[in-house]
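Please look first at the sequence and the structure shown below.

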Amino acid sequence: MLLIALLAPQDPSALDAAVRAVPGMDLQKLRPAEDAAFLQRLSADLRGAGPSDAEAKAFAEDKAPDKRRRKVDELLGSPSFAAHWGRRLSTRLIGPPGEYRIGLAGLKPEAERAIEGRFVEWMTAQIAADRPWTGIVRAMIEARGESGKLPELAYKLGTAGRDWPTRDFALDVSRHFVGVRLYCATCHDH
């Protein structure tokens, strides 16, 4: 799925080698988590909430050797996964719910909340459709038009009210998608 594909190397042996290279790591002592802990962590990570009692009981009673893989697939395909990660990514990209600020002259707070809501819905739909992360990012960066018709434009509009919108947009893009903070370069030439 979208996020796992970003983190997982194409060659699983590369991940194994990286884990073995961690100082003090003894793979012989590592054991898989118990079923209850596994399900709790998986549910919290993929949908933002723990399993129901009925779900935990059914998982514990399932004796199939592939039950963990099937549970991962089930949760990745669930609407709760898309909703959780749509909200989570939106918060990271445009700010916490209710705090999204555009700062354009004459724009009322209700309009900002509407734009924020459409962005969260759009992000959720992208995840639900299993759209590649590169396509999602490209849509946000290249968006042009009206926010009512293009919810992905909210990412750009978040820099519109700042002192230097073009510079601030470039700083946001580098921090969010490249993992590099360029803010120091706005004053220092290096």
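This is a predicted model: local features need pLDDT of at least 70, side-chain atom pairs count only at pLDDT 80 or more; totals for chains, interfaces and linings use all residues.

Residues are numbered from 1 along each chain as its sequence is written, and side-chain values use heavy atoms, with hydrogens and water left out.

Two packed helices are described by the angle between their axes and the distance between the axes. Helix α4 covers residues 53-61 and helix α5 residues 67-76; their axes come within 10 Å and cross at roughly 150°. Helices here are DSSP runs (H or I, at least four residues), numbered from the N terminus. Axes are lines fitted to C-alpha atoms, for helices over the stretch in contact, and angles run from 0 to 180 degrees between N-to-C directions. The two helices α4 and α5 are therefore roughly antiparallel (angles over 145 degrees). On the α4 side, the contact is made by Glu55, Phe59 and Ala60, and on the α5 side by Lys67, Arg68, Lys71, Glu74 and Leu75. Contact means heavy atoms within 4.5 Å.

His176 belongs to helix α10. Is His176 buried or exposed? His176 is buried, because its relative accessible area is 19% (buried means under 20%, exposed over 50%, partly exposed in between, with a 1.4 Å probe and protein chains only). Leaving aside neighbours within four places in sequence, His176 is in contact with Arg92, Leu93 and Tyr155.

Val180 is placed in the segment after α10 (165-178). Val180 counts as partly exposed, because its relative accessibility is 36%.

Note on methods:
Angles under 35 degrees count as roughly parallel, over 145 as roughly antiparallel, 65 to 115 as roughly perpendicular and the rest as oblique.
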